[in-house]
Amino acid sequence: MSAGNRRAAEAPAESVETTAPAGVVEVTAAEDASDDFAFVAPAQLASGWTTFRMTNTGHPTISGWHSSRALLPAQAPPQPQHLSRSAFGDKRAYARRLMSSTDSGQAASSLLTHVGGTPLIRLQRASPNPKVEIWAKLELANPTGSLKDRIALHMIEQAEARGELRPGMIIVEATSGNTGIALGMVAAVKGYRLKLFMLENKTLERRKILRHWGVDLVLTSQDDPDSHIYGAQGQIAAEPERYFYINQNENQDNVRAHEQGTGPEIAETLEGKIDAVVAGYGTGGCLTGIARAFRSRGIGARIVAVEPGGEPRAKIDGLKHSSESYQPPIYDRELIDHTIEAPEEETYRVTRELARREGLIAGLSSGACLWAAQRLAKEMESGTIVVVCGDRGERYFSTRLFDAD
Ligand SMILES: Cc1ncc(COP(=O)(O)O)c(C=O)c1O
């Protein structure tokens with residue numbers, strides 16, 4: 001369990017010993033050894049840790065050294081090991097080599113290194129069944145506040161690796177939501193221009209934050225709900241050499257970001273003891289990716305999709321209903337065991353409950369997922385359910401979520 005994966009090493013100046021089974025590792029370096037961070041972190045990454053924290057007496061705590069390396073290929077949990085500096089020769093050279101062999105040369109201290117490796121916490125009061133634990137995967141803890149940071153980073157880095165996205169090209173996407181915001185951050189850090197097509201009726205907050213990152217925002221007619229998609233497609237068709245189309249609904253790197261990141265993180269932290277995972281359906285990337293990660297590890301947890309329900313149908317940012325005309329092709333329905341429709345009033349009520357009873361200011365999809373998990377918990381004898389808390393609540397100030405009861 002993540003909390004249990006604690007101190008792994010005392011790092012006297014010469015060596016680092018790790019004994020934790022998987023998950024969070026704390027490394028305490030010697031007081032005079034600030035540059036030991038550069039040595040120890042890549043060594044841990046190379047040995048397959050997906051999340052760890054480093055503390056150094058006398059120096060500030062550095063946490064979350066995992067980056068797009070939270071997207072490390074699924075591996076068996078690392079074995080206890082003894083890393084000695086002498087075994088690596090010159091520690092700085094070793095650190096440099098490891099860093100340059102990970103993602104596209106980003107220094108491990110960039111903002112992008114904080115994407116993924118999110119906390120998984122046990123909710124204290126949310127379960128209606130004392131024999132069922134409900135855990136929350138806090139995707140809202142990503143740098144821009146949503147699970148979409150993972151896919152924005154992975155889709156861009158994989159396109160770079162394949163040579164489809166090259167320096168000087170402009171990234172294009174049709175979105176007004178969390179994906180656009182995540183792309184704004186990644187494009188800014190990596191120095192790409194980003195052009196987003198968005199319906200003209202989206203909130204002022206969204207327009208302002210995107211322009212704050214220097215995004216080129218094209219507002220399209222609200223008379224046609226798909227006008228932003230046609231806008232992006234038209235842009236690519238006109239100048240394919242100059243633009244790179246992200247296309248999250250059809251991009252398998254969206255799925256892989258969760259298959260290599262979110263899914264393994266949950267599996268490793270709970271050591272595979274998971275009876276159900278509950279997440280919202282938007283592009284289907286999150287559910288499909290987690291399901292594939294679990295299946296490949298032999299974890300038979302039920303995969304439960306949440307869609308907006310009720311009459312009139314609930315509006316939950318980022319989530320879709322299976323009856324809508326456009327269905328993202330990356331969503332693999334064969335992997336989904338169960339779909340639950342969350343009505344609007346219940347979604348609002350449980351999202352508020354998350355704040356008051358658990359301290360979490362989360363978005364509406366988190367409330368919808370927790371409501372669905374509570375229903376499951378009542379039907380189960382005992383077990384463990386994980387809910388995905390996809391985004392922060394602060395993004396919903398202009399909705400009635402924050403209206404006093
Ligand atoms: C805020 C939010 N957006 C979107 C989604 C859906 O993700 P995806 O687009 O990968 O289906 C979720 C899933 O829980 C979510 O919480």
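This is a predicted model: local features need pLDDT of at least 70, side-chain atom pairs count only at pLDDT 80 or more; totals for chains, interfaces and linings use all residues.
Helix α7 bends by about 30 degrees at glutamate 259. Most of α7 is covered, with 17 of its 18 residues buried. After the helix comes glutamate 271, whose phi is positive, near 50 degrees.

Attention may now turn to the strands. An open sheet is formed by four strands in the order β11-β10-β9-β12, with parallel pairing. At its edges are β11 (216-220) and β12 (243-245), each of which pairs on one side only. From one strand to the next, the twist averages 25 degrees. Within this sheet, strand β9 (residues 170-174) and strand β10 (residues 193-199) run parallel and are joined by five bridges. In this pair, valine 172 stands opposite lysine 195 of β10.

The ligand remains to be considered. It is surrounded by 20 residues, of which the closest are Gly280, Gly282, Gly318, Ser365 and Gly390. By class, the shell around the ligand divides into eleven polar residues, eight nonpolar and one charged. Which elements each supply at least two residues of this shell? They are β13 (276-280), α8 (285-296) and α10 (364-379). The largest share, three residues, comes from α8.

Conventions. Residues are numbered from 1 along each chain as its sequence is written. The bend at a residue is the angle between axes fitted to the seven residues ending there and the seven starting there. A residue is buried if 20 or more other C-beta atoms lie within 10 Å of its own, exposed if 12 or fewer, and partly exposed in between; C-beta atoms are placed from the backbone. A residue is near a molecule or strand if its C-beta atom, placed from the backbone, lies within 6 Å of it. Ala, Val, Leu, Ile, Met, Phe, Trp, Tyr, Cys and Pro count as nonpolar, Asp, Glu, Lys and Arg as charged, and the others, Gly among them, as polar. Two strands pair if DSSP finds at least two bridges between them. Axes are lines fitted to C-alpha atoms, for helices over the stretch in contact, and angles run from 0 to 180 degrees between N-to-C directions.
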